[in-house]
Amino acid sequence: GVLLFARNSTVVESVDDKLYIALLFGNVVAPEEITQPVWHRRPGQSHRTPLPAKTTLIPLRRSCFEGAEPVADVSRVGLQLHTGRHHQIRRHMAWRGSPVIGDFQHGRSEERGGGKEGSFRVGPVL
C-alpha cells in the first residue's frame, strides 16, 4: 500500500478517500455497489464469520484482447472501499464473476493463465 505523511490536517483531509484501479475479466458497464459479506476466521476460532463489507465499482474502460479470435473481455475499473476487509476487492470481484486479472487465489481457474502468483493488477490512486 501507500504510506502518506502530511504536515497538516488539510492535506490529510484532501486524500480521505482512496480509489483503487484494477483490471478485471468481464464487461463492467455501469457503476454498482457490492455489499456481499466477507467471510473471515478470527484467531482461535474454528469457524468463519461473515463481516459486513461494501465496495463501489466504477467502470472506466472496456477492451477486448484479440488474436485470431477474441480472448477475453477486460474492464478497467475504479474501486472505492467503504470497509477495509482482508482481500475485499479480490473477493468482491470474484463473487461478482469478474475476477481481478492474475488473481490466483480468488480468480477463475480457466482464466488464470501463466505468470507469477500474486501478480494481480490492483493499486491505489491518490
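Helices (H or I, at least four residues) and strands (E, at least two) are DSSP runs, numbered from the N terminus.

**Figure 1. Overall arrangement of the predicted chain.** From the N terminus on, the elements follow the order α-β-β-β-β-β-β-α-β, a total of 2 helices and 7 strands. This is a predicted model, in which local features need pLDDT of at least 70 and side-chain atom pairs count only at pLDDT 80 or more, whereas totals for chains, interfaces and linings use all residues. Residues are numbered from 1 along each chain as its sequence is written, and side-chain values use heavy atoms, with hydrogens and water left out. Of the 126 residues of the chain, 27% count as buried, where buried means under 20% relative accessible area, exposed over 50% and partly exposed in between (1.4 Å probe, protein chains only). The accessible surface of the chain comes to about 8400 Å², with 51% of it belonging to carbon and sulfur atoms; accessible areas come from the Shrake-Rupley method with a 1.4 Å probe, and for residues only the protein chains shown count as cover. Among contacts (heavy atoms within 4.5 Å) with a separation of 6 or more, 57% are between residues 24 or more positions apart.

**Figure 2. The largest nonpolar core.** A nonpolar core is a set of buried Ala, Val, Leu, Ile, Met, Phe, Trp, Tyr and Cys residues joined through side-chain atoms within 4.5 Å. The largest one has 11 residues, namely Tyr20, Ala22, Leu24, Val28, Ile34, Leu57, Val77, Leu79, Ile89, Met93 and Val100. Strand S1 (19-25), strand S6 (70-81) and helix H2 each supply at least two residues of this core, and the largest share, 3 residues, comes from S1.

Figure 3. Within helix H2 (residues 88-96), the buried residues include Gln88, Ile89, Arg90, His92 and Met93. An α-helix has 3.6 residues a turn, so residues three or four places apart point the same way. His87 lies in the loop between S6 and H2 and has a positive phi of about 60° although it is not a glycine; at 22% relative accessibility, His87 counts as partly exposed. Most residues other than glycine have a negative phi. Just after H2, Gly97 also takes a positive phi, of about 95°.

**Figure 4. Salt bridges between separate elements.** The structure holds 3 salt bridges, each defined as a side-chain nitrogen of Lys or Arg within 4 Å of a carboxyl oxygen of Asp or Glu. Arg96 and Glu32 meet through their side chains at 2.9 Å, N to O, and this pair links helix H2 with strand S2 across 64 residues. Arg96 is partly exposed at 23% relative accessibility, and Glu32 is likewise partly exposed at 28%. The side chains of Asp103 and Arg90 meet at 2.7 Å, N to O, joining the loop between H2 and strand S7 (122-125) to helix H2, and both Asp103 and Arg90 are buried.

Figure 5. Ser75 lies in strand S6 and is buried, with a relative accessible area of 1%. The side chain of Ser75 reaches the backbone oxygen of Gly26 at 2.7 Å. Leaving aside neighbours within four places in sequence, Ser75 is in contact with residues including Leu24, Gly26, Asn27, Val28 and Arg62. Asn27 is found in the loop between S1 and strand S2 (32-34) and is partly exposed, with a relative accessible area of 36%. The C-alpha atoms of Asn27 and Arg62 are separated by 6.7 Å, although these residues are 35 residues apart along the chain.

**Figure 6. Two residues of strand S5.** Thr56 lies in strand S5 and is buried, with a relative accessible area of 13%. The side chain of Thr56 makes a polar contact with the side chain of His82 at 2.6 Å; a polar contact is a pair of N or O atoms within 3.5 Å, where within protein one must be able to donate a hydrogen and the other to accept it, and residues adjacent in sequence count only if both atoms are side-chain atoms. Ile58 is found in strand S5 (residues 55-66) and counts as partly exposed at 30% relative accessibility. Leu19, Ile58 and Leu60 make a nonpolar surface patch of about 210 Å². Patches are made of residues with over 30% relative accessible area and no salt bridge, like charges being joined within 9 Å and nonpolar side chains (Val, Leu, Ile, Met, Phe, Trp, Tyr) within 5 Å.
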